[in-house]
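Colleague: I have the model open beside the sequence. Could you take me through it?

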There are 2 protein chains.
Amino acid sequence: MLQELPTLTPGQYSLVFNMFSFTVATMTASFVFFVLARNNVAPKYRISMMVSALVVFIAGYHYFRITSSWEAAYALQNGMYQPTGELFNDAYRYVDWLLTVPLLTVELVLVMGLPKNERGPLAAKLGFLAALMIVLGYPGEVSENAALFGTRGLWGFLSTIPFVWILYILFTQLGDTIQRQSSRVSTLLGNARLLLLATWGFYPIAYMIPMAFPEAFPSNTPGTIVALQVGYTIADVLAKAGYGVLIYNIAKAKSEEEGFNVSEMVEPATASA
Amino acid sequence: MLQELPTLTPGQYSLVFNMFSFTVATMTASFVFFVLARNNVAPKYRISMMVSALVVFIAGYHYFRITSSWEAAYALQNGMYQPTGELFNDAYRYVDWLLTVPLLTVELVLVMGLPKNERGPLAAKLGFLAALMIVLGYPGEVSENAALFGTRGLWGFLSTIPFVWILYILFTQLGDTIQRQSSRVSTLLGNARLLLLATWGFYPIAYMIPMAFPEAFPSNTPGTIVALQVGYTIADVLAKAGYGVLIYNIAKAKSEEEGFNVSEMVEPATASA
């Protein structure tokens, strides 16, 4: 929703600002890590590391933009942060999710090491459902009509359909594939799936609460704005950087099981010796 | 045309802004992908991946500039976005195309794996025609005379000659070459050629419509401006990032057919052992 921003105390303003900046640092550092560490896993799993790197790269860009937008939206006056009248562009989140959420599902499929003829269609299906989920949420997010049974509620409901469908695929169809892996890998894959459920699950909750309890959680009080921005940010760090580290561990475990040993890898420099 | 910008609603302004920002993210992330993924294809096809990377790098830079120019051209006043009097520099698109459009034709030639003596002259010819097409379109675009049989119409017509010539080469001369490939590769090459026709075809249509139907599509209403910017942006994402992914798939398919297998790739170090 394009909404009036409330006046914030320096503590409230800074908490949000610092969380955004923390996230720029985390995402860009994760990008460097995923790029550098991809050679620690067997070649067939490197593509999932590359997708992890793309996700945090895109998120790093958007958090940089969000940080600047937050800075432009407020100015310190008489000891309080007053809205300047510039728009705080929360839509950056949707643009980010439209790109990154499908990639997160693709990452999981790629690291499983499925046969090629299963991998492609499954990644395409999950990616499409993830993009659909984001696209259907957007009209509700920007709508002025925040009623539970109004525009916001309707699009929120429509957006939930692909979300539930994704969960169904992850928890039933992929259940067998996960069971077939070694116990170490299947635990890690189970964790990645749960992390995805928990972090993505934050969004529909944050979307619904102000609708369901408009009086207890009015959407433009300082408390709600700060809690929402901090909550979204923590969910994004876990869903992208944290999830990427889990994917790295899965790729590493599978590489070792398949006989790829990074510590025996000779350095390129000695190759010509 | 240098024209007066209309007042926009926050929704219209933000839609264009967010599309530009989305494109910055997509182009730069694609750059990272093409650079990282070039080792997944046989060495002879890596040069086409590098050209893909250059195209999206250049486009990412220009979209960053376009985003800033859009931001400077408008300011929020009394709930509406009013033009500030700063120029919205649409000419960034021409500068971008002058560099990227010839490279897009070169990419296609390089990935075909033609013999060296055919490849060079063909890439040079297509690249030259593509640059000529952009150069000839520019005087019409900046002209104040928007009549169908005036300056705009004349340069538009001249620019169409190299465009048709390129299509002639792609659809007749290269037809045989495409037919000679395996069925998987020839389908992908056919798709790349069609994507090029469809996305490039958007430009002459967008160029001609306000000329041909000045009353139905007056060039400076909010609807026309938003539709044009969103349309150009979608066409650019498909023509550069989408096309690059297609080229990657072609390079990968050809590498596999020629016995290059990334998952069995020997490490650089052990290769010479």
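This is a predicted model: local features need pLDDT of at least 70, side-chain atom pairs count only at pLDDT 80 or more; totals for chains, interfaces and linings use all residues.

Colleague: Which residue is the bridge partner of Gln77(B) in β2(B)?

Modeller: Gln77(B) is partnered by Met80(B).

Colleague: And what does Asn78(B) do in that hairpin?

Modeller: Two residues lie between the strands of the hairpin, and Asn78(B) takes a positive phi near 50°.

Colleague: Turning to chain A, how many bridges join β1(A) to β2(A)?

Modeller: Four bridges join strand β1 (residues 74–77) of chain A to strand β2 (residues 80–83) of chain A, and the strands run antiparallel. Leu76(A) stands opposite Tyr81(A), while Gln77(A) faces Met80(A). Two residues separate these strands in the hairpin, where Asn78(A) has a positive phi near 50°.

Colleague: What is the order of elements in chain A?

Modeller: Chain A has seven helices and two strands. Starting at the N terminus, the order is α-α-β-β-α-α-α-α-α. The C-alpha trace of chain A spans about 70 × 45 × 25 Å along its principal axes.

Colleague: Where does UniProt place the transmembrane regions of chain A?

Modeller: The unreviewed UniProt entry places the feature "transmembrane region" at residues 15–35, 47–64, 97–115, 122–140, 152–171, 192–213 and 225–248 of chain A.

Colleague: How much helix does the model have over residues 152–171 of chain A?

Modeller: That stretch is 100% helix and 0% strand, with its end C-alpha atoms 28 Å apart. Over residues 192–213 of chain A, the chain is 95% helix and 0% strand, and the end C-alpha atoms are 32 Å apart.

Colleague: Back to chain B. At what angle do the axes of α5(B) and α6(B) cross?

Modeller: The axes of helix α5 (residues 151–179) of chain B and helix α6 (residues 183–212) of chain B come within 12 Å and cross at roughly 170°. Because angles over 145 degrees count as roughly antiparallel, α5(B) is roughly antiparallel to α6(B).

Colleague: Which residues meet there?

Modeller: On the α5(B) side, they include Trp155(B), Phe163(B), Ile166(B), Leu170(B) and Phe171(B). The α6(B) side includes Leu189(B), Arg193(B), Leu197(B), Trp200(B) and Tyr207(B). By class, the contact has 15 nonpolar, five polar and two charged residues.

Technical notes
Residues are numbered from 1 along each chain as its sequence is written. Chains are lettered from A and ligands numbered from 1 in the order in which they are written. Side-chain values use heavy atoms; hydrogens and water are left out. Axes are lines fitted to C-alpha atoms, for helices over the stretch in contact, and angles run from 0 to 180 degrees between N-to-C directions. Angles under 35 degrees count as roughly parallel, over 145 as roughly antiparallel, 65 to 115 as roughly perpendicular and the rest as oblique. Contact means heavy atoms within 4.5 Å. Ala, Val, Leu, Ile, Met, Phe, Trp, Tyr, Cys and Pro count as nonpolar, Asp, Glu, Lys and Arg as charged, and the others, Gly among them, as polar. Two strands pair if DSSP finds at least two bridges between them. UniProt positions are given in the numbering used here, feature names are shortened, and annotations may be inferred rather than shown by experiment.
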